[in-house]
Amino acid sequence: MSEKIRFASVWLGGCSGCHMSFLDLDEWLFDLAQAVEVVYSPVADIKAFPENVDVTLVEGAIANQDHLELIHTIRKNSKLVVSFGDCAVTGNVTAMRNPLGEADVVLSRAYQDAQFLNPQIPHDDGIVPPLTAQALPVHAVVPVDLYIPGCPPPAKRIRGVLQALLEGQSPEMIGREMLKFG
Amino acid sequence: MARTLTINDQEISAAEGQTLLEAARDAGIYIPTLCHLDGLTDVGACRLCLVEIVGSNKLMPACTTRVQEGMVVYTDTPRLRAYRRQIVELLFAERNHVCAVCVANGNCELQNMGIVVGMDHVRYDYLFPKLGVDLSHERFGMDHNRCILCTRCVRACDQIEGAHTLDVLGRGAHSMIVHDMNVPWGEATTCTSCGKCVMACPTGALFKQGSTVAEMVHNAEKLAFLRAARERRVWNV
């Protein structure tokens, strides 16, 4: 038997909706589990992003320093980096703060201007990661190999992509079923 | 008088004075458009309908180019496909189009055009401009973040309603759709509140107040119906 595909998924600046949609693969997850070894994921208790990963699905935009550091590790350690969902592909809702200005403007808007009781910006060095100036799509920071649009991408679309990858083919991202944003 | 021309190696017959877009559509040949709307005059603004004409080194917009005898036209070459995808990507990069939280999600011509041109991501840096939403009108709203400056609303207001409340201020990417002499929509005294601009809008830029995500359906085809009813007394479409 050949070695299993080393599969990872990460949750950066997003709402986890893409991972929820991933779970909507339902019983096909059993088939997937036969073919891959999950080496990192928000649904697995693994602390550090491993080396020699074959495929990594990245949910979310690059929105803070932790994301920024992790995405470079992901790129270095993954053969195939997949932007998974609209926040990773376009910035989407996570990037809606960008027109307001840089992080300080956004933080004051959220935690000071609109608050009446104890307005303060959360800070704790080493625990609360500072926001990046802008929330950016993944490919604005590191090269990306494949894009799965959708907010969230429907389970059928995710399956279409993963099935093709398992068969060693590059998925055909054409038509409404594979490409509709939102 | 009929004109004979060739589109994509297919011989077609067109009426004199027809545009290439009309002739192609009559022949069942699809050419993508965003700023064209049946019932309004064409302005060739969005450049999606650019076609190649043999013998010309310029690409021509099909919506404003008239048919000529013996013309040889190609509407779907690799060069045109590449430009069309670039155009759509630039539209997405220029303003803040967030399909997931848009009133027009699922009913949007820009979103659909992304699919037509095969856009899986935008290769250009997003500009993230700071733009407003005008909710001063009692029934309608205008979200400049989602405007692609196609001017369909401007033309519908001028050519079908005859009010010309709307116009374009500024130039290039800094252009803005304005009401009257750049006043909030609710204060525009020439606006008849007819809603034809809202019908004409291809995206979520113009909407009925109270619409939430994916609820805004524009009914742009009603404008062509109005025009046909008035000018040709055709009431069944």
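**Exercise 1. Work out which residues of α4(B) are buried, and what they pack against.**

Start with the residues: R152(B), C153(B), V154(B), R155(B), A156(B), C157(B) and I160(B) are buried in α4(B). Here, buried means that 20 or more other C-beta atoms, placed from the backbone, lie within 10 Å of the residue's own. A quick word on the model: it is predicted, so local features need pLDDT of at least 70, side-chain atom pairs count only at pLDDT 80 or more, and totals for chains, interfaces and linings use all residues. Residues are numbered from 1 along each chain as its sequence is written, and chains are lettered from A in the order in which they are written.

Next, the helix as a whole: α4 spans residues 152-161 of chain B and is mostly covered, with 7 of its 10 residues buried. Helices (H or I, at least four residues) and strands (E, at least two) are DSSP runs, numbered from the N terminus.

Then the partners: the buried residues pack against β8 (166-169), β9 (176-179), α5 (196-200), β10 (206-208) and α6 (221-232) of chain B. Contact means C-beta atoms, placed from the backbone, within 7 Å.

**Exercise 2. Find the strand order of the open sheet in chain A.**

Trace the 5 strands: they run β2-β1-β3-β5-β7, with parallel pairing. At the edges sit β2 (36-40) and β7 (146-148) of chain A, each pairing on one side only. Strands pair if DSSP finds at least two bridges between them.

Now zoom in: β5 (residues 78-84) and β7(A) pair in the parallel sense over 3 bridges. S83(A) stands opposite Y147(A) in β7(A).

Notes
A residue is buried if 20 or more other C-beta atoms lie within 10 Å of its own, exposed if 12 or fewer, and partly exposed in between; C-beta atoms are placed from the backbone. Two residues are in contact if their C-beta atoms, placed from the backbone, lie within 7 Å.
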